[in-house]
Structure formats: structure tokens, C-alpha cells
Amino acid sequence: MLLMTDAPRDAEGPEAECPRCGKQLSLCVCEGIEPIDNKVALLILQHPQEQDKSLGTARLTALHFANATLKVGLSWASLAKALGQPADPHAWAILYLGSARAAALAPDVDIVAINKKGEVEPQQQGILRGLEGVVLLDGSWSQAKALWWRNPWMLKCRRILLNPARPSRYGKLRREPRSDGLSTIESAAMLISRLEKRAEIETALLASFDRLLVRYRALQSASPTLEHAKHPRMRKGHASRNRSQNDRRAKAMRRRR
Ligand SMILES: [Zn+2]
């Protein structure tokens, strides 16, 4: 994506981007977000081909937390490498992509820890209370699956399923939703607020997501064909440049804390 921050805006060209959330300014809702002091750390791993700049929520989610790391890439040698600091994968959980359905396994709860066979772990409270952090995979269903298979250390993590009471607020806006249908920001909201028993976390994140969707729908109805114009055609080499750029931004974000 071209950065046009200093250039005058061309009527046909892409709109300037917010340096914090990476969205075009008409979709930026990150102003005034106060990072939440979370005890359960959050690691978001984004597939490099995740290109939904308009509706993607990974960076917006990371901005909401003091203890969050966003990495763009395909594989990391270990959880510690992905995180950039020592960490024990056994004390972390990953939001699991497998076919086990939370609604069938544990209909009465909205977060459930499962074992490698896809069964409900008998010691739910002990496992959920002991978690130091959670890993979220950001991308389409197939991109998230690619991340899972390329990072064997994820097998050491606990597995969590979400059982959302209502479907994603994305509605029909996304063509290729995750298997559980939730956006990254909705998943993080549910996970961290349940694990820390702080409902206000979910309230804050969902309010941001609602603001984004309101802006997106307004933009869409103002110009239904606008979306295509806003995505400059990807050229060869662009993806890797984007990745290092995002990594630098993520690092800068972490330094700022
Ligand atoms: Zn922004």
C-alpha cells in the first residue's frame, strides 16, 4: 500500500493512511484508544497475504492492549521467537481452528479448553486461570490453517474454542470468514474479557469494531465501487515490503509501551 501522508491527495489515488491503525483515514477509528492493561498477553500472527486493509482488525485490536504483539509472517521457530521474548508455550493457548464445535461440546459456556483429541478438558477452570497468553491467527480460514501447519510449536499450546452467543458483526461484509465466524477483534474481546473476567474489555473493543463498521458501510453506500479503487493492484515484491514495514511498525508500537 502506498503511503501518501505527505503528498497532496489525488482524486483518483489512494487516500492517506493512519500511521497507527494502517487504515485509510476515512476508516480510522483508533484515535483516543487507551491501551488496556491486560494480564493475559495477546499475540496476533497475521498471514502476509491477509490484504483486507479496510475491514481487517488485527492492528486495531493490538492498539487496544498494552500487552499485545502483532507479527506478520508465515512461520517462527518458537513462541518466544514470535513474541520476541521468553515464553512457555504450555502456559499459552491458541484459539483453535479444528473442527470441534464449542456449541456441541460445551453449550453452556462461551469459552472452552479442549485437548488434542478435541475433547473438553476436565480441568477447565485450572487451565483457563493459568494462562499467560493467547495466540490469535489473523487471516482467512485457509490462511489461518497455513499458519497452523507451518508452526509446529503451536501443538504445545493449549487449545481454546469460542462459543459466541451471537454471530459476528461483520454480517455479510466478509466473503471468507473464519470457521467460528468472528473477526480478530471480536475473538480477542471475548477471549481476554472472559479470561480476566473484565467485561469492560469486550465493551471497549466491540465499540471500536462497531465504529469501524459504521464508517465502512457509510463509505460503501457513498460509492459502491470505491473499494476496488482503494486497493492499488499488488505488484511483485510489494507483499514482502509490506511485511517488513508492518514488522517495523509493530516493533515501534511495542517500544512505545
Ligand atoms: Zn487510525
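Modeller: Before we start, a word on angles: axes are lines fitted to C-alpha atoms, for helices over the stretch in contact, and angles run from 0 to 180 degrees between N-to-C directions. Also, this is a predicted model.

Biologist: Good to know! So at what angle do helix α6 and helix α7 pack?

Modeller: Helix α6 (residues 184–196) and helix α7 (residues 199–222) pack at about 170 degrees, and their axes are 7 Å apart. Since angles over 145 degrees count as roughly antiparallel, that makes α6 roughly antiparallel to α7.

Biologist: Which residues make that contact?

Modeller: From α6 you have Ile185, Glu186, Ala188, Ala189, Met190, Ile192, Ser193 and Glu196. From α7 come Ala199, Ile201, Glu202, Leu205, Leu206, Ser208 and Phe209. Sorted by class, the contact of α6 with α7 has ten nonpolar, two polar and three charged residues.

Biologist: Let's zoom out. How many helices and strands are in the protein?

Modeller: The protein has nine helices and six strands. Of its 257 residues, 32% are buried.

Biologist: And what is the strand order in the sheet?

Modeller: It's an open sheet of six strands, ordered β2-β1-β5-β3-β6-β4, and the pairing is mixed. Neighbouring strands of this sheet are turned by 25 degrees against each other on average, direction ignored.

Biologist: Which strands stand at the edges?

Modeller: Those are β2 (68–72) and β4 (111–114). Each has a single partner strand, so one side of each is left without a neighbour in the sheet.

Biologist: What about β3 and β5, do they run parallel or antiparallel?

Modeller: Parallel: strand β3 (residues 92–95) and strand β5 (residues 133–138) are joined by three bridges. As for individual partners, Ala93 has Val134 of β5 as its bridge partner.

Biologist: Which residues does Val134 touch?

Modeller: Leaving out residues up to four places away in sequence, Val134 touches Val40, Leu42, Trp92, Ala93, Leu95, Ile160 and Leu191. Val134 also belongs to the largest nonpolar core, which has 53 residues; Leu42, Ile44 and Val134 touch the most other members.

Biologist: Which element gives the most to this core?

Modeller: That's α6, with seven residues. In soluble globular proteins, nonpolar side chains tend to be buried together.

Biologist: Nice, back to our helix! Which strands does α6 lie across?

Modeller: Helix α6 lies across β1 (41–46), β3, β4, β5 and β6 (158–162), and runs at about 170 degrees to β5.

Biologist: Last one: what share of contacts join residues at least 24 apart?

Modeller: It's 70%, counted among contacts between residues at least 6 apart in sequence.

Note on methods. Residues are numbered from 1 along each chain as its sequence is written. This is a predicted model: local features need pLDDT of at least 70, side-chain atom pairs count only at pLDDT 80 or more; totals for chains, interfaces and linings use all residues. Helices (H or I, at least four residues) and strands (E, at least two) are DSSP runs, numbered from the N terminus. A residue is buried if 20 or more other C-beta atoms lie within 10 Å of its own, exposed if 12 or fewer, and partly exposed in between; C-beta atoms are placed from the backbone. Two residues are in contact if their C-beta atoms, placed from the backbone, lie within 7 Å. Angles under 35 degrees count as roughly parallel, over 145 as roughly antiparallel, 65 to 115 as roughly perpendicular and the rest as oblique. Ala, Val, Leu, Ile, Met, Phe, Trp, Tyr, Cys and Pro count as nonpolar, Asp, Glu, Lys and Arg as charged, and the others, Gly among them, as polar. A nonpolar core is a set of buried Ala, Val, Leu, Ile, Met, Phe, Trp, Tyr and Cys residues joined through C-beta atoms within 7 Å. Two strands pair if DSSP finds at least two bridges between them.
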